[in-house]
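Subject: Structure handover and notes

Hello,

Here is the structure you will be working with. Please open it beside this message and look up each residue as it comes up.

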Amino acid sequence: MRGIPLYATLALLAVTAPPAAGQIVFVDADLTTGANDGSSWADAFQGSRGLRVALATTSSGSEIWATEGVYRAGFAGAGSAGDGFEVLFPELTLRGGFVGGETSIHERPAFDTPTTVLSGDTLGDDDGTPASLCDNAPTVLSAETVDPFSMDRIAVEGGTDVGFFARRSAVRVTRCTFRGSTRGAVARDGNVGFQLRAAGTFVDCRFVGNTECGLDYSGFPPAEPPVAIDRCVFEENGGNGVELANALMPAVVVANSVVRSNGGAGVQLRSVSDGANVQLNRLTIAGNGTFGLSYVGACGICFQPRATDCILWENAGPETDSSGSLVVRDSIVQGVGAAGSASADALFVDFAAGDLRLAPGSPAIDAGTDAPLGSEPTLLDVERGRRAWDDPAVAAGGSLAAAADVGAYERTSFIGTYGDCAAVPNSTGAVGTILARGSLRVVDGNVTLGAEALPPNQFGIFIVSRTSGITATAGGPGTLCLGGDIGRFNGAGQILASGATGAFTLPLDLVRIPQPSAFVTVLPGDTWRFQAWHRDAGAGGGSTSQWTDLVALRFE
């Protein structure tokens with residue numbers, strides 16, 4: 001703690017205890033000892049089918065924590081398909097990606113792909129032949145009339161009909177994968193008397209390799225909260241990537257997502273009804289088997305679904321097909337002069353290899369017209385990189401919209417991923433942001449942290465940990481986004497001032513990352529998380545502690 005002012009030290013240490021939560025039930029696919037009652041990691045529900053027991057016995061308002069491994073549908077008897085997993089209680093959260101022993105969700109290994117798998121393959125014998133599918137559950141995971149249900153870091157696969165089915169259920173699905181089912185996920189209710197309660201909120205998810213569509217959404221949701229499909233990837237599904245169908249859909253936003261190499265249309269709208277408000281914002285729709293964007297089954301006097309700041313490129317059919325009132329504008333559409341749109345080569349890094357990031361000189365760079373949309377206050381691209389980076393090599397209008405790129409990817413000098421912990425506005429009314437520039441390659445030794453949108457003429461420091469954590473602090477309105485062992489960059493020259501511009505920067509020495517007991521060296525494969533703390537004098541003359549948001553750097 002040497003070198004940091006006392007009140008800054010207190011701000012880092014004096015944090016309130018997290019709010020009381022519901023019961024946590026533990027599941028471990030590989031455990032063979034203990035009481036098998038879910039009360040702790042040592043006594044977790046055991047084995048491949050332990051998750052079925054947890055879902056059947058866990059009360060409302062609780063969380064289920066499941067370790068990595070495969071959890072299989074239940075066997076219904078000789079000659080019968082298996083029984084899938086069913087969510088029975090409202091206000092339930094299912095979390096995967098644990099190794100066992102964690103006391104916080106932030107202690108889980110760094111996210112790459114979901115390793116907690118819910119499989120419809122009851123016998124574990126799927127080999128691609130029809131005979132091997134006889135035991136598979138038609139629906140792997142269903143949530144009906146539960147309000148709400150959340151899950152994160154789960155893979156769902158092997159359903160002969162649907163991987164994940166939500167009906168009349170408010171769901172929030174984060175960092176999940178839906179693969180190898182007939183339809184990856186379905187969120188719907190076909191009866192106007194039963195509203196689909198915002199089902200279809202999917203963030204940072206992948207829908208890949210399903211034999212029909214990736215995501216099928218239809219229903220009659222209320223106006224609030226809006227349905228959000230944000231930062232998702234739909235690829236190599238046999239039919240359409242995304243279907244939005246038979247829906248009033250007062251507020252549906254599909255944003256910052258990639259829809260590529262699906263057998264049918266990239267995005268298909270069907271019978272979207274009067275009063276709908278469907279917005280497609282900053283999508284990259286490329287290489288699909290028929291149309292890029294299709295709107296069929298027009299219904300009398302309809303609201304016009306709108307696609308803005310999108311890229312439609314190299315789809316097999318016409319890029320757009322509409323028997324209704326579809327509006328495509330301010331986009332890059334191959335061979336089509338849509339309103340305000342360009343038909344010049346989008347210039348992907350490597351289209352043939354599926355790398356749809358923007359190459360230098362792409363007309364999509366800094367060509368945005370609408371402010372970026374998304375599910376969270378922090379505006380991110382499909383890889384959770386910062387949106388709205390104004391490329392100095394490209395003349396742009398200078399607005400937030402103009403500084404953001406068209407399509408799902410932002411070409412930027414920033415490195416790392418963002419969005420794991422949201423900051424709150426400081427006394428300027430802005431949200432302090434942390435930025436990282438340079439290279440993730442350890443051998444390059446080139447990383448510089450920056451903090452921007454801070455109150456002017458305030459001092460602060462950067463802090464670091466391998467572990468994230470979200471804790472309200474006692475010293476001010478902000479949020480400490482780190483947990484575990486927190487190091488402080490408080491040595492000579494590392495206590496910084498925001499100056500008149502409200503910003504400061506710090507080059508990192510990757511062989512001297514501070515930790516509570518010693519300096520450590522960054523190694524390839526490490527993930528380190530950084531945040532900036534700063535004082536905030538405030539308009540009223542009082543002085544409080546404040547924080548930026550978080551950046552995670554996974555080094556190579």
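The notes below go through a disulfide, a sheet and some single residues.

Please keep in mind that this is a predicted model.

The disulfide

A disulfide is a covalent bond between the sulfur atoms of two cysteines. This structure holds one disulfide. The two cysteines are C421 and C481, with 2.0 Å from S to S. C421 sits in the loop between β34 (417-418) and β35 (433-438), while C481 belongs to strand β39 (residues 479-483), so the bond ties together parts that are 60 residues apart in sequence. The angle about the S-S bond is -70 degrees, and the link of C421 and C481 is left-handed. Both C421 and C481 are buried.

Is C134 buried or exposed? C134 is exposed, because its relative accessible area is 55% and the cut-off for exposed is over 50%. C310 has a relative accessible area of 1%, so C310 is buried, the limit for that being under 20%.

The sheet

Strands of a sheet pair through backbone hydrogen bonds, either parallel or antiparallel. Here, three strands form an open sheet in the order β35-β36-β42, and their pairing is antiparallel. Which strands stand at the edges? They are β35 and β42 (504-507); each has a single partner strand, so one side of each has no neighbour in the sheet. On average, neighbouring strands of this sheet are turned by 20 degrees against each other, with direction ignored.

Strand β36 (residues 447-452) is joined to β42 by four bridges, and the two run antiparallel.

Positive phi angles

Most residues other than glycine have a negative phi. E91 is not a glycine, yet its phi is positive, at about 55 degrees. E91 is found in the loop between β5 (85-87) and β6. L347 is not a glycine either and has a positive phi of about 55 degrees. L347 lies in the loop between β31 (332-333) and β32 (348-350). With a relative accessible area of 31%, L347 is partly exposed.

T93

The relative accessible area of T93 is 13%, so T93 is buried. Leaving out residues up to four places away in sequence, T93 touches S62, E63, I64 and S150.

G214

G214 is in the loop between β16 (206-208) and β17 (215-218). Why does G214 count as buried? G214 counts as buried because its relative accessibility is 0%. Not counting residues up to four places away in sequence, the residues that G214 touches are R183, G184, A185, F207, N237, N240 and G241. One of these contacts, N237, is 23 residues from G214 in sequence. From C-alpha to C-alpha, G214 and N237 are 5.9 Å apart in space.

Regards

Conventions:
Residues numbered from 1 in each chain as written. Predicted model: local features only at pLDDT ≥ 70, side-chain atom pairs only at ≥ 80, totals over all residues. Heavy atoms only, no water. Buried < 20%, exposed > 50% of the residue type's maximum accessible area, 1.4 Å probe, protein only. Contact = heavy atoms within 4.5 Å. Disulfide = S-S within 2.5 Å. Pairing = 2+ DSSP bridges. Axes fitted to C-alpha atoms, helices over the stretch in contact; angles between N-to-C directions.
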